[in-house]
Structures are given as structure tokens and as C-alpha cells.
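Thanks, everyone. Let's talk about charged pairs and strand pairing. Here is the structure.

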Amino acid sequence: MSSALSLAGLSLAVVAVVILFLARGGAPDWRTASREPVGLAPDVAAYPDAIIQVYSARAWGWRGYFGVHTWIAVKPAGATAYTTYEVIGWRLRYSDSALAIRSRVPDERWFGSAPELLADKRGPGADALIARIDRAAREYPYPGEYSVWPGPTSNTFTAWVVRAVPELEVDLPPTAIGKDFLGDRLVASAPSGSGVQVSLYGLLGFTASGVEGLEVNVLGLTFGAGLFPPALKLPIIGRIGPLR
């Protein structure tokens, strides 16, 4: 019975990779891949209030068949541009830090992949949260490290920041490989900042939270179920069901 379930799971994973390959159209040159915005971020000229948004998009190249890249965008009240916070591994080729804090279009495609909005907080109270986001980002403990698996990755960074701002209630997707990496810690709050997470270097662990639901991490791959609203969480495929 267990072998049949394992075979079914492997078959499902293979089908998912094939579907993603066809949908993504192979691996285009990163220099010519689209960076066009998709219309998820309000125009700063038309929306003067504070905004916080958290995004995910399939990673570039072969990594995109397995996982996503995540980032955070903020605009304080009255600001004329967005500031984004993210970790980009290839920055370590020419810098001692993978952490990028910069002004850029927040909802642009990530080298061809359309972003998905994970959280959107606006208006009164958002400015105070932006200050906490900035502080947490600058206190990230692994700016000079990056490892595609099991971490630290861009998703380790996003989990670090949103864990410090639980008001955002961010449910990082199961394809956010590295979100469960806690370094030398064994126990922490879940990436959303609520509930509990137990993780052994991002390789084995579990998460229980009112935001994430129930998740099990095996070798960096997440299996689980969202509770509010109900959803199934699978490696490679992602979340099956409505977003929070």
C-alpha cells in the first residue's frame, strides 16, 4: 500500500514538472525574460496612503520547476516610489551581501514569471509596520550566505521578516523552499509569526498555525493542509485551493 502511494506521489510530481515546463515554455535567456509589471501594485501617484505587499513568483530557470522567489514591497504614506526587500543569491558573486533593499517596480515579472500577491496591507497602521519590516530586514542574520537547498534562500529572508510582523498573516507557499530554515535554532514561531515551527536545518520538521494550517517538511519539501480556508499544500505543485 505504501509503495503504491509513493508511486502515485512520484507520478504526480512528474506530471506537475511537465505541466510547469510546458507552461513556462522552457528556459529563456534571463537577459531577455520579461520584467513587465502585472498590475497588482497601486500607482503611487493615485494612492498616497501606506502600502505593504508580499509577493512570490516562480524562480528563474530550472529552480522554477520546484520553487518560488519571494519578496516584500512597501510604500510609506506620501512616498513617491516603492522600496523592495529581497535576497538575491547571485549578488554574492560581486558583493558580500545577498540582501537587496532598493527602489523597483514591486509587481514586475520575476524574469518571465508572473508574481502572486500573498499579502496586502494598506492605510492606517501600515506605516508602523513598515518601520518594523525595515528593522527586521536589516537584522537578517544570513546576508552573506545563500544555498538553494535547504537554505538560507530568499524565502528564508522573507520568513524572517514576516515572522517579526505577524499582523501581515503571510502564508508562504509550500514551494517557498528555505522558508523552514532556522539555522541553529530548533523551535520558533511559524513564518507567519503565529503558532509554532520545529525544524532541523530546514530538512525535517513541522509547522502548526492558524495561518499556515498544518505542514510537514521532509528534506525541504512541504506537505500540508491549510485550514482557513481549506487547501492542500504540495511540493512542486504548490497550494491547491483558495488563497488566504
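Predicted model: local features only at pLDDT ≥ 70, side-chain atom pairs only at ≥ 80, totals over all residues.

I'll start with a helix. In H2, residues 126–138, Arg-138 and Asp-134 are four residues apart, so about one helical turn separates them. Their side chains meet in a salt bridge, 2.9 Å from N to O. How exposed are the two ends? Arg-138 is exposed, with a relative accessible area of 55%. Asp-134 is partly exposed, at 22%.

Every value I quote is computed from it.

Now the wider count. How many salt bridges does a search of the whole structure find? It finds 12. The general idea is simple: side chains of opposite charge can pair when their charged atoms come close.

Take another pair, Arg-104 and Glu-86. Their side chains also form a salt bridge, with an N to O distance of 2.9 Å. Where do the partners sit? Arg-104 is in the loop between strand E4 (99–103) and strand E5 (116–122), while Glu-86 is in strand E3 (residues 83–87), so this pair ties together parts that are 18 residues apart in sequence. Buried or exposed? Both Arg-104 and Glu-86 are buried.

Next, Asp-180 and Lys-179. Their side chains meet in a salt bridge at 3.2 Å, N to O. Asp-180 is buried, and Lys-179 is buried too. These two belong to a network. Shared partners link Asp-171, Lys-179, Asp-180, Glu-215, Lys-233 and Arg-239 through salt bridges.

Pick one member of that network, Glu-215. The strands here are E8, residues 204–209, and E9, residues 213–218; they run antiparallel, and six bridges join them. A hairpin of three residues connects E8 to E9.

Now the other neighbour. E9 also runs antiparallel to strand E10, residues 221–227, with five bridges between them. Which residue in E10 does Glu-215 stand opposite? Gly-224. The hairpin of E9 and E10 has two residues between the strands, and in that hairpin Leu-219 takes a positive phi near 55 degrees.

How values were computed
Residues numbered from 1 in each chain as written. Heavy atoms only, no water. Salt bridge = Lys/Arg side-chain N within 4 Å of Asp/Glu carboxyl O. Buried < 20%, exposed > 50% of the residue type's maximum accessible area, 1.4 Å probe, protein only. Pairing = 2+ DSSP bridges.
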